[in-house]
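I opened the notebook to look up aromatic pairs, a charged patch and some backbone angles. The entries follow in the order I took them.

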Amino acid sequence: KKPKQKSATVCGYPISIFFIVVNEFCERFSYYGMRAVLVLYFKYFLKWDDDLATTIYHTFVAFCYLTPILGAIIADSWLGKFKTIVYLSIVYTLGQIVMAISAIHDITDTNKDGIPENMSFHVALSMVGLSLIALGTGGIKPCVAAFGGDQFQDHQEKQRSTFFSIFYLSINAGSLLSTIITPMLRAQECGIYSQQKCYPLAFGVPAALMVVALIVFIIGSGMYNKTAPQGNILVKVCKCIAFAIRNRYRHRYSQFSQRTHWMDWADEKYDKLLIAQVKMVVKVLFLYIPLPMFWALFDQQGSRWTLQATTMDGDFGLLTIQPDQMQTVNPILILVLVPIMDSVIYPLISKCKLNFTPLKKMTVGMFLAALAFIAAALVQLQIDKTLPQFPSGTGVQAKIINMLDRQVDGSAEEDYMSFDGRFALEFGGNVSPVSLKNGSRNTLAIIQDGALPRHLEVKTHFTDITAKPEQGANAVRQVFFNGYSSILNITTGTLDFGSTVKNKMSTYANVPHGEAKFHIKDNAGNQCDYSLTLGFGSSYTLLIPSTFKFGTNCEKSINTALDIKPNSFHMAWQIPQYFLITAGEVVFSVTGLEFSYSQAPSNMKSVLQAGWLLTVAVGNIIVLIVAEAAKLPDQWAEYILFASLLLLVDFLFAFMAYFYTYIDPAKIEAQFAHSDPKDKEKKKSLEMGRKDSDGNSNSDRKSSYTSHNEKKDVQSRM
């Protein structure tokens with residue numbers, strides 16, 4: 001084994017690791033910052049429906065967890081870790097920049113109305129950007145932590161352990177800060193011709209952080225200990241398994257003698273020690289089969305749960321929480337629950353003499369995740385009660401506004417009435433026939449008495465919106481009706497509703513949550529200020545009657561009609577489901593990795609890491625399949641479906657775990673320590689696998705540190 005070059009140290013630590021930690025912080029900020037606002041970008045900028053937005057989101061996440069296998073093979077077989085990180089970080093950075101450019105609506109907004117004319121251009125750029133990001137972030141995922149471990153000498157085990165703790169802290173710090181900051185940036189308004197939600201800034205800042213990450217990593221180039229590629233153990237394992245399967249198939253007939261295990265059919269070509277180690281790995285990988293269902297639920301925090309939050313009230317007193325900021329609850333709870341579990345819960349269970357094995361912990365973790373989705377379904381049921389029912393098919397809805405100087409019996413109807421097609425309004429014996437478009441929602445204005453006796457004229461009607469105002473909790477739409485006899489101009493903040501003439505409504509406009517002050521002016525320069533406290537996702541009609549006069553208390557004559565009620569179910573009700581899913585993550589993910597590493601040979605930790613990441617990818621594929629195939633009419637029903645599937649899988653996993661026998665890989669490997677001379681050559685190639693897996697002779701210690709301190713590196717935080 002070639003000794004590592006000795007690098008400069010500070011307080012016993014190689015200086016090079018500081019560049020690696022800063023790089024990891026910036027890269028995690030970049031990834032999770034972009035991902036936090038991604039599903040809302042799909043929904044509100046690209047105008048995709050919830051199902052398509054969810055599908056593309058989880059397709060992207062799945063690719064992010066498939067590409068690490070490719071990155072590991074490239075690093076270990078051809079380029080080495082350093083070059084792989086640099087080259088794929090460049091790809092990663094380009095992807096983030098392309099995403100930021102794709103979100104600039106002014107590029108194709110030729111008529112300057114704030115709506116891109118060529119949405120296909122933005123979609124194409126977005127897909128290119130996300131593809132580059134998936135290749136970049138996934139490709140460097142298995143390399144950065146291992147490259148950091150390579151910087152330590154064999155006698156620096158204590159420092160290496162501390163490094164992995166700091167490395168894990170940088171992952172969580174980058175994730176936590178980005179999921180707080182980027183939604184705030186998205187909520188700002190920016191643009192050249194028109195002001196829209198600032199997705200370019202929300203994607204641009206993560207892109208800038210990725211540029212910083214790349215520069216910082218390259219600056220430390222001269223200080224790094226760079227090991228040459230030595231071959232990838234994952235490739236060797238796959239070849240060994242493939243040979244065993246082929247050989248077994250060739251000897252499938254009864255005249256051939258049977259062997260104890262199907263992997264024994266690789267004995268003609270591969271070392272017996274390698275075969276024994278592969279058997280141990282396959283035994284653990286078999287237990288991985290049910291695990292993707294957990295990730296199918298877990299990763300919906302960034303899709304379905306974020307979309308759920310857009311229909312909720314985000315007013316926390318002094319703070320206004322954006323829907324995508326609710327994702328910060330997970331990393332906050334992680335930092336709280338991990339030490340509580342390790343220092344309080346597990347010791348208490350141990351004192352109670354309960355045999356709480358790792359596989360039992362994982363079973364409990366999946367059960368908690370299922371409970372989280374049941375909680376999400378209960379929340380959705382309460383949300384559905386607050387949402388308006390919009391017309392569909394041939395049905396229409398209408399609400400009456402009386403602009404006469406006298407009271408008309410029955411015209412004070414504040415709620416929408418539902419009916420089909422043409423109908424006649426009758427109030428106090430007065431009749432007015434009206435014809436409305438199928439599937440529409442309308443405001444009908446009674447503006448004068450008809451020419452015939454017992455007849456009212458509805459000279460015009462106004463089509464209302466048939467969907468909740470966009471941008472979740474941050475936007476409302478206002479409609480103005482002017483029964484006043486003069487032309488009026490109405491503004492609020494930077495919004496100008498233009499001139500409103502007699503008996504005409506202005507168009508809807510987005511007004512942010514909070515106290516809105518409307519300035520009403522006429523051509524003579526008179527002004528009246530009217531204040532209205534706006535919630536989240538509501539719609540109002542401001543009625544300016546013909547009796548309106550400028551002057552003291554002018555605002556008292558202005559009335560409001562509530563078209564769509566604001567979101568009234570509070571976002572805080574999502575905290576229980578976040579608590580349950582995070583508690584499930586702690587006992588499932590952390591325990592799962594530690595169990596896997598304890599049951600696998602020391603030189604094959606990377607194989608299990610690849611298998612673990614693959615379960616995350618498959619879990620996200622399950623989500624997109626269900627989102628496209630199930631087509632359930634109610635979102636709460638989809639939550640219950642996922643919870644039911646996980647409970648079923650949890651039962652299957654518990655059954656598999658019941659028959660699992662724990663092993664000691666070190667003892668099994670020791671049985672092959674004095675094998676036949678014919679196996680010597682095969683063992684030499686196996687030793688290369690050990691070097692490849694851990695980069696140093698202390699592979700067991702390093703893998704242990706990795707399993708505990710980098711738990712996020714192989715699941716949700718990475």
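I start with a cut-off: buried means under 20% relative accessible area, and exposed means over 50%. The model is predicted.

**Aromatic rings.** I searched the whole structure and found 38 aromatic pairs. I picked out F588 and W612, whose ring centres are 5.9 Å apart and whose planes stand at 35 degrees, so I logged the pair as tilted. This pair links distant parts of the chain, 24 residues apart. F588 sits in helix α14 (residues 575-598) and W612 in helix α15 (residues 605-629).

**Positive phi.** K47 is not a glycine, yet its phi is positive, about 65 degrees. Its relative accessible area is 47%, so K47 is partly exposed. I then went to N553, in the loop between β22 (539-544) and β23 (559-564). N553 has a positive phi of about 60 degrees and is not a glycine either. At 43% relative accessible area, N553 is partly exposed.

**Charged patch.** I listed K239, R246, R250 and K269 as forming a positive surface patch. I placed K239 in helix α8 (residues 233-250). K239 has 52% relative accessibility, so I count K239 as exposed.

Note on methods:
Residues are numbered from 1 along each chain as its sequence is written. This is a predicted model: local features need pLDDT of at least 70, side-chain atom pairs count only at pLDDT 80 or more; totals for chains, interfaces and linings use all residues. Side-chain values use heavy atoms; hydrogens and water are left out. Patches are made of residues with over 30% relative accessible area and no salt bridge: like charges are joined within 9 Å, nonpolar side chains (Val, Leu, Ile, Met, Phe, Trp, Tyr) within 5 Å. Accessible areas come from the Shrake-Rupley method with a 1.4 Å probe; for residues, only the protein chains shown count as cover. A salt bridge is a side-chain nitrogen of Lys or Arg within 4 Å of a carboxyl oxygen of Asp or Glu. Lys and Arg count as positive and Asp and Glu as negative; His and the chain ends are not counted. The place of a charge is taken as NZ of Lys, CZ of Arg, CG of Asp or CD of Glu. Helices (H or I, at least four residues) and strands (E, at least two) are DSSP runs, numbered from the N terminus. Buried means under 20% relative accessible area, exposed over 50%, partly exposed in between (1.4 Å probe, protein chains only). Rings of Phe, Tyr and Trp (its six-membered ring) pair if their centres lie within 6.5 Å; planes under 30 degrees apart count as stacked, over 60 as edge-to-face and the rest as tilted.
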